[in-house]
Amino acid sequence: MAVAVYPGSFDPVTYGHLDIIARASAIFDRLLVAVLENPSKTPLFSTQERLEMLAEACRPLPNVQCEAFSGLVVDYARSRGARVLVRGLRAVSDFEYEFVMATMNRHLNAEVDTVFIMTSSEYAFISSSLVKEVARFGGDVERWVPAGVARRLKERLAASGGRPQPWQGREAAP
Ligand code: ADP
């Protein structure tokens, strides 16, 4: 059984990510979409929120599962019996970073290969950061993210007066 891991921040998930997920789920028997808990990044949405948005969007795909992970992605892949990492490529500009990551991951575990899938051209310029930026200034993002994600973006950014505040702290507030 071919198991693949699609790791990322997914802060939040976009139709670009979902395009890659749909394509990868048609190639592999099982796809694990893995949300990175990265202490050095300050996401807009908590890990739990990012997972909820992903799980909702992936519901129609029965061989796709969404999980959180921390630490090295190759260690996570090994713990799940996966030998393939999936990454999306939008433009040449993605290549350099992805090349470095794939090379490092190969050094860390030569048994895990990275497979790149090209997105549909209509999503090739979409990124989570761009979507957050547009939403922050009141632009319509429903073409680029599922309706539930667009709603959460609006709520989160309205609550912060338009500034993209990280989730930390607010959940702990009374
Ligand atoms: P990371 O912080 O690991 O880059 P992202 O959530 O931004 O996490 O992206 C995860 C993966 O999805 C990366 O391989 C990225 O290139 C890819 N990706 C992001 N947006 C798109 C898109 N619009 N089309 C195709 N791939 C994408």
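Glu67 counts as buried in this predicted model, its relative accessibility being 17%, where buried denotes under 20% relative accessible area, exposed over 50%, and partly exposed the range in between (1.4 Å probe, protein chains only). Glu67 forms a salt bridge with Arg80, with the closest N and O atoms 2.8 Å apart, a salt bridge being a side-chain nitrogen of Lys or Arg within 4 Å of a carboxyl oxygen of Asp or Glu. Arg80 itself is partly exposed, at 35% relative accessibility.

By this rule the count comes to 11 salt bridges, among them that of Arg78 with Asp75, whose closest N and O atoms are 3.1 Å apart. Because Arg78 and Asp75 are three residues apart in helix α3, about one helical turn separates them; Arg78 is exposed at 53% relative accessibility, whereas Asp75 is partly exposed at 35%. A further salt bridge joins the side chains of Arg106 and Asp113 (2.6 Å, N to O), with Arg106 partly exposed at 48% and Asp113 likewise partly exposed at 35%.

Residues are numbered from 1 along each chain as its sequence is written. Local features need pLDDT of at least 70, side-chain atom pairs count only at pLDDT 80 or more, and totals for chains, interfaces and linings use all residues, while side-chain values use heavy atoms, with hydrogens and water left out.

Note on methods
Helix = DSSP H or I, 4+ residues; strand = E, 2+ residues; numbered from the N terminus.
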